[in-house]
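Subject: Structure handover

Hello,

Here is the structure I said I would pass on. Please look at it first, then read the notes below.

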Amino acid sequence: MFRERWNDHLLRLEDLRDDDKKVGPAAWDAALARVSDSDRGVVELLLKGDLAP
């Protein structure tokens, strides 16, 4: 189900991460270092489908 629902979005994110002309690995790693536990919690809820509007 994850791949069916999120694969296109995941591919776009991977493209941004891996292309130095877009974001690139260094900027991606710096952004990951700033992610909070709260951010991770929201993403987890989104992936589970438990985040109601």
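I start with one residue. Aspartate 18 is exposed, with a relative accessible area of 51%. The cut-off matters here, because a residue counts as exposed when its relative accessible area is over 50%. Please keep in mind that this is a predicted model.

Where does aspartate 18 sit? Its place is in helix H1, which covers residues 2-18. Aspartate 18 also forms a salt bridge with arginine 17, and the closest N and O atoms of the pair are 2.8 Å apart. Arginine 17 is partly exposed, at a relative accessible area of 29%. Tryptophan 28 is 10 residues away from aspartate 18 in sequence, and the C-alpha atoms of the two are 8.8 Å apart in space.

How many salt bridges does the structure hold? The count is 3. The one between aspartate 18 and arginine 17 has been described above.

Another salt bridge joins the side chains of lysine 22 and aspartate 15, with 2.3 Å from N to O. Lysine 22 is partly exposed, with a relative accessible area of 44%. Aspartate 15 is partly exposed too, and its value is 37%.

In helix H3, the side chains of lysine 48 and glutamate 44 meet in a salt bridge. The N to O distance in this pair is 3.6 Å. Lysine 48 and glutamate 44 are 4 residues apart in the helix, so about one helical turn separates them. Lysine 48 counts as exposed, at 55% relative accessibility, whereas glutamate 44 counts as partly exposed, at 45%.

Helix H3 covers residues 37-48, and leucine 46 has its place there. Leucine 46 is partly exposed, with a relative accessible area of 39%. Which residues form a nonpolar patch on the surface? They are Val42, Leu45, Leu46 and Leu51, and together they have about 300 Å² of accessible area.

Now the chain as a whole. Its secondary structure comes to 3 helices and 0 strands. Read along the sequence, the pattern is α-α-α. Why is the chain described as more spread out than a compact globule? The globule rule gives 10 Å for 53 residues, and the radius of gyration of the chain is 13 Å, well over that value, so the chain is more spread out than a compact globule. The C-alpha trace spans about 35 × 25 × 15 Å along its principal axes.

The figures for burial and surface are as follows. Of the 53 residues, 2% count as buried.

Last, the charges. The chain has 9 positive and 12 negative charges. The mean position of the positive charges and the mean position of the negative charges are 2 Å apart.

If you want a place to begin in the viewer, find aspartate 18 in helix H1, and then go on to lysine 48 and glutamate 44 in helix H3.

Regards

How values were computed:
Residues are numbered from 1 along each chain as its sequence is written. This is a predicted model: local features need pLDDT of at least 70, side-chain atom pairs count only at pLDDT 80 or more; totals for chains, interfaces and linings use all residues. Side-chain values use heavy atoms; hydrogens and water are left out. Helices (H or I, at least four residues) and strands (E, at least two) are DSSP runs, numbered from the N terminus. The radius of gyration is taken over C-alpha atoms; the globule rule is 2.2 Å times the number of residues to the power 0.38. Buried means under 20% relative accessible area, exposed over 50%, partly exposed in between (1.4 Å probe, protein chains only). Lys and Arg count as positive and Asp and Glu as negative; His and the chain ends are not counted. The place of a charge is taken as NZ of Lys, CZ of Arg, CG of Asp or CD of Glu. Patches are made of residues with over 30% relative accessible area and no salt bridge: like charges are joined within 9 Å, nonpolar side chains (Val, Leu, Ile, Met, Phe, Trp, Tyr) within 5 Å. Accessible areas come from the Shrake-Rupley method with a 1.4 Å probe; for residues, only the protein chains shown count as cover. A salt bridge is a side-chain nitrogen of Lys or Arg within 4 Å of a carboxyl oxygen of Asp or Glu.
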